[in-house]
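Me: I have a new structure to look at. Can you walk me through it?
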Amino acid sequence: MPKKNFNAAQANPPIKLNLGCGKDLKQGYVNIDLKSPCDLIHDLKTPLPYADNSVVEIYASCVIPLFSLNEWRTIRKDWVRVLVPGGTLWIVDHNTEEYM
């Protein structure tokens, strides 16, 4: 019997990431930061440890200014890589205009 294609949006529960979470741990998300408290310690300057098209939502608050413009261009591509088509990318910051 052929395998059905994996649909991340139907994963139980769907994978949602809270990147650069600091102490803002969100229920229902994998909270990722450089240090505890978090669910996963990970440097956001390196590729996310998730497969292509495996994440339904990314939330990132106040992390973009921590990267150079060149780093951000690479990081943004990686975030898009892991998002499912039509996935949601929330970028919350006070001044992101220069990064978009």
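Me: Which residue in strand 3 is the bridge partner of Asp33?
Reply: Ile41 is the bridge partner of Asp33 in strand 3. Strands here are DSSP runs of E with at least two residues, and helices are runs of H or I with at least four, numbered from the N terminus. This is a predicted model, where local features need pLDDT of at least 70, side-chain atom pairs count only at pLDDT 80 or more, and totals for chains, interfaces and linings use all residues. Residues are numbered from 1 along each chain as its sequence is written, and side-chain values use heavy atoms, with hydrogens and water left out.

Me: In what sense do strand 2 and strand 3 pair?
Reply: They pair in the parallel sense, over two bridges; pairing takes at least two bridges found by DSSP.

Me: And what stands opposite Leu17 in strand 2?
Reply: Val30 does. Strand 1 (residues 16-19) pairs with strand 2 (residues 30-33) in the parallel sense, over three bridges.

Me: What pattern does the protein follow along the sequence?
Reply: The order is β-β-β-β-α-β, with one helix and five strands.

Me: Different topic. How much of the protein is buried?
Reply: Of the 100 residues, 34% are buried, meaning under 20% relative accessible area with a 1.4 Å probe, protein chains only.

Methods: Buried < 20%, exposed > 50% of the residue type's maximum accessible area, 1.4 Å probe, protein only.
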